[in-house]
Amino acid sequence: MSERKVLNKYYPPDFDPSKIPKLKLPKDRQYVVRLMAPFNMRCKTCGEYIYKGKKFNARKETVQNESYLGLPIFRFYIKCTRCLAEITFKTDPENTDYTMEHGATRNFQAEKLLEEEEKRVQKEREDEELNNPMKVLENRTKDSKLEMEVLENLQELKDLNQRQAHVDFEAMLRQHRLSEEERQRQEQEEDERETAALVEESRKRRLLEDSDSEEDTTPTQPQPALRPNPTAILDETPKAKRKAESWERSVGALGSRPQLSGLVVKKTGLDSVISRRRAPPLPGAMKNGQAAGPAPQMPSTSSLSQLGVYSDSEDSSGSN
């Protein structure tokens, strides 16, 4: 089985390479290449615009009897994308560019035309100076004068810009420093106002909380109901004295007549209250299994004592 990738071939002993016939190709042979449009162009047939960078399958050939410093010049054939008209252009190694040849016109080449015009003027000037020495001196004088004018105009523009755009760095720094201090002062004042407001608010809140806590901790004590005091009888002594005095004024003093003083029992308001509060013993109460004795009899009172009691009752009803 033979080798798939043949690296060495067999040459017979009688091999003569000069006997191999050579392929004769024409010098204007064309090749199919893939290229992009080197510049913007417009088709003369249909007016279609072909922009720079558009890709084409072009035919390439070598231009006969044309070269630049031994470099061959190539021609390219492309077709319009709309009408399929043939467009040709070739290389220009002298200007490192391409030259439009047939089928379209080149667009947007004002810069190239300007460069060509400058080159033409420069070439004419060099030709004049080569044959006329006075022309060289004249051109130098014009160039120096033009250069001085350009420098003067440039200096004038610089001075104008400096006058219009004069910047005082010290004033700028001073203004920046003042603005910074003002800003810091304003921030400090705002902080102080906010702090004072917070302190005032916390103080009010604390006072409200303290008042609420005091109300919660000290509830109002209910007033106890007034009960009769057992010793309130003693406070009625002045009233009893006033009643006795009123009785003495109405009846008379018993001290002037000692014989009648023993007959009248003087009953004050205190004795009457005590007699009223004294409760009689329960009937039928037994003590040690024996019946209780008869109740003790109150001493008999005279008519004068009854009159005094009657006057006391009238005074008490009048005062009430």
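Modeller: One definition first: a residue is buried under 20% relative accessible area, exposed over 50%, and partly exposed in between (1.4 Å probe, protein chains only). This is a predicted model, where local features need pLDDT of at least 70, side-chain atom pairs count only at pLDDT 80 or more, and totals for chains, interfaces and linings use all residues. Residues are numbered from 1 along each chain as its sequence is written, and side-chain values use heavy atoms, with hydrogens and water left out.

Now the salt bridges. The term stands for a side-chain nitrogen of Lys or Arg within 4 Å of a carboxyl oxygen of Asp or Glu. Searching the whole structure turns up 17 of them.

Start in helix H3, which covers residues 169-217. Helices (H or I, at least four residues) and strands (E, at least two) are DSSP runs, numbered from the N terminus. Here Arg183 and Glu187 join their side chains in a salt bridge, at 2.7 Å from N to O. Why can they face each other along the helix? The two residues sit four apart in H3, so about one helical turn separates them. Arg183 is partly exposed, at 38% relative accessible area. Glu187 is partly exposed too, at 37%.

Glu200 and Arg203 make a salt bridge, with 2.6 Å from N to O. Their spacing is three residues, about one turn of the helix. Glu200 has a relative accessible area of 32%, so it counts as partly exposed. Arg203, at 37%, is also partly exposed.

Then comes Glu201. Its partner is Arg205, and their closest N and O atoms lie 3.1 Å apart. Both belong to H3, with a spacing of four residues, about one turn. Glu201 is partly exposed at 44%. Arg205 is partly exposed at 41%.

Salt bridges also form a network. Glu61, Arg75 and Glu101 are linked in it.

Five strands make up an open sheet, ordered E1-E4-E5-E6-E7, with antiparallel pairing. Strands pair when DSSP finds at least two bridges between them. The edges are E1 (31-36) and E7, each of which pairs on one side only. On average, neighbouring strands of this sheet are turned by 40° against each other, direction ignored. Axes here are lines fitted to C-alpha atoms, for helices over the stretch in contact, and angles run from 0 to 180 degrees between N-to-C directions.

Look at the pairs one by one. E6 and E7 form a hairpin, with four residues between the two strands. In the turn, Thr96 has a positive phi of about 50°.

The loop between E5 and E6 holds Cys83. UniProt, in an unreviewed entry, places the feature "binding site" at Cys43, Cys46, Cys80 and Cys83. These four are spread over 41 residues of sequence, yet they cluster in space, with a largest C-alpha distance of 8.8 Å. UniProt positions follow the numbering used here, feature names are shortened, and annotations may be inferred rather than shown by experiment.

Is Cys43 buried or exposed? Cys43 is buried, at 4% relative accessible area. Its place is in strand E2, residues 41-43. Leaving out neighbours within four places in sequence, Cys43 is in contact (heavy atoms within 4.5 Å) with Glu48, Cys80, Cys83, Ala85, Gly103 and Ala104. Cys83 is partly exposed, at 29%. Not counting residues up to four places away in sequence, Cys83 touches Cys43, Thr45 and Cys46.

Finally, the whole chain. It has seven helices and ten strands. Of its 320 residues, 14% count as buried. Among contacts between residues at least 6 apart in sequence, 44% join residues at least 24 apart.
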